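Okay, thanks everyone, let's get going.

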Amino acid sequence: MSVIKVGHDCCGCRTCKAVCKLDAISVVRDKYGFEQICVDETKCVECGMCEKVCPALHTPVIEDRKLCGLAYALDGNTRHNGSSGGLFGTFAKKVLSQQGCVYGAAFDANLQLKTTCAETEEELIPLYKSKYLLCDTHTAFGEIKEKLLAGQKVLYCASPCQVAALKLYLGKDYENLLLVDFICHGVGSQTLFDQSVSYVEKKLSGKIKSFIFRYKVKNGVSHYYYKMQYEKKGKLLNKEDLYFSFPYYNGYCKQLVCRNSCYACQYATPERVADITVGDFHNVERYEPAVDSYAGVSMLICNTQRGKAFVESVQEQLHIKEYPWEVMEKNNHFHKGDGAPKEQKAFMESVANDRFEETVDKFLKPSRDWMKLLYYKSPLFLRKIAKKLQR
Ligand SMILES: Cc1cc2nc3c(=O)[nH]c(=O)nc-3n(C[C@H](O)[C@H](O)[C@H](O)COP(=O)(O)OP(=O)(O)OC[C@H]3O[C@@H](n4cnc5c(N)ncnc54)[C@H](O)[C@@H]3O)c2cc1C
């Protein structure tokens, strides 16, 4: 038996492919655009290696918690560059200052999301911020192992399933490895993101050169803006807008685009896989009325002694306030199985069978969100009342 039995629980981490010495595993895209594994039965000798490293079959979680609370970077730039409080940036800079390297997710020149290594602060910039699609780990796990064996310090920041995958791939702990995962509500496919990019390029008659999710806008009304740079008639132009004017981002925020494994994620639990867990501290105003939540505030959880000691080593660069676990666990994505919304099945069938333009018309047109448009265009005091009524 091979890892093929995992079926829809596959999270697309590619670890099985990385360990298969017979090259019997390939990654194919299914009709919905999701990366799935395919085993060549003529090459497979059922050695079981692929099963051993599969994070859908084994969940290497840590059942401990050393510290939890609210945190953000004191340096304004580092905080601004992050999706929430800039904790990743603070951690990464510390590791770089120790001659270490940092692995995270970055878009390449063709907007393909890949696990990427940074060894300088300049190389770190593309790694900042959440990207709401599956990151291709390609050859990264092998590279990380080589660096660990050579004694270099490595920070790996990724979704919990990918952190679990790396742990299973390595098979043992390395003192020079620091693992950071984020609270995650799932990833969509590169295919759907690419289709969205082409769709928007057609509308703009331009070529999108870069795309940033979670762009922080001055006097913003939401945490979910994007910024893109595109080339038109030889000029580089910028566009910033709210999530629902970009089809993929709209689909993500409506929770329509994720992989099957994400809707029943076994890593969306209080027990974590990494030394440190970071996340958004949404609704932080309830606990800290004076805090500027749009500048970015994170949840910080240290799950191991190594994670706690590392956070202590950067505590002068952070504002940290401890909170009891009961406050932290209000974050929905510590609890698995929030499932897919009712519309998701029909959405995916449209992805598989319709032209992308039709899928957008049916599910992702900003005009379908007139209530949200009205909310975001309203003055602050009205939005505050609406938020209070929602609670
Ligand atoms: C797909 C996704 C879903 C998330 N869902 C939630 C949620 O439901 N609730 C919540 O509280 N927080 C969620 N987060 C986490 C949150 O958005 C912030 O990323 C986190 O708080 C860290 O913020 P930061 O400012 O410290 O660092 P940032 O600079 O935002 O660092 C983000 C780190 O994640 C890595 N990364 C980004 N995208 C990916 C990806 N697709 N795959 C692997 N690694 C990636 C980056 O390389 C970087 O290392 C999610 C993040 C992602 C990427």
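Let's start at Arg14, which sits in the segment before α1 (15–19). Helices here are DSSP runs of H or I with at least four residues, strands are runs of E with at least two, and both are numbered from the N terminus. Quick housekeeping: this is a predicted model, so local features need pLDDT of at least 70, side-chain atom pairs count only at pLDDT 80 or more, and totals for chains, interfaces and linings use all residues. Residues are numbered from 1 along each chain as its sequence is written.

Back to Arg14: is it buried or exposed? Buried, because 24 other C-beta atoms lie within 10 Å. The cut-offs: 20 or more other C-beta atoms within 10 Å is buried, 12 or fewer is exposed, in between is partly exposed, with C-beta atoms placed from the backbone. Arg14 also has a positive phi, near 70°, and it's not a glycine.

Asn219 has a positive phi too, near 55°, again in a residue other than glycine. You'll find Asn219 in the loop between β8 (207–213) and β9 (225–232). Asn219 has 6 other C-beta atoms within 10 Å, so it's exposed.

Then there's Ala264, in the loop between α10 (260–263) and β11 (276–280). Ala264 counts as partly exposed, because it has 14 C-beta neighbours inside 10 Å. From Ala264 to Pro55 is 209 residues in sequence and 14 Å in space, C-alpha to C-alpha.

Now a helix pair. The axes of α13 (residues 344–353) and α14 (residues 356–364) come within 8 Å and cross at roughly 165°; the axes are lines fitted to C-alpha atoms over the stretch in contact, with angles from 0 to 180 degrees between N-to-C directions. The two helices are therefore roughly antiparallel, the label for angles over 145 degrees. Who makes the contact? On α13 it's Phe347, Ser350 and Val351, and on α14 it's Glu358, Thr359, Lys362 and Phe363, where contact is C-beta atoms, placed from the backbone, within 7 Å.

Zooming out, the chain has 16 helices and 13 strands. Of its 391 residues, 40% count as buried. Among contacts between residues at least 6 apart in sequence, 68% join residues at least 24 apart. The C-alpha atoms fill a box of roughly 60 × 55 × 45 Å along the principal axes.

Technical notes. Parallel < 35°, antiparallel > 145°, perpendicular 65-115°, else oblique. Contact = placed C-beta atoms within 7 Å.
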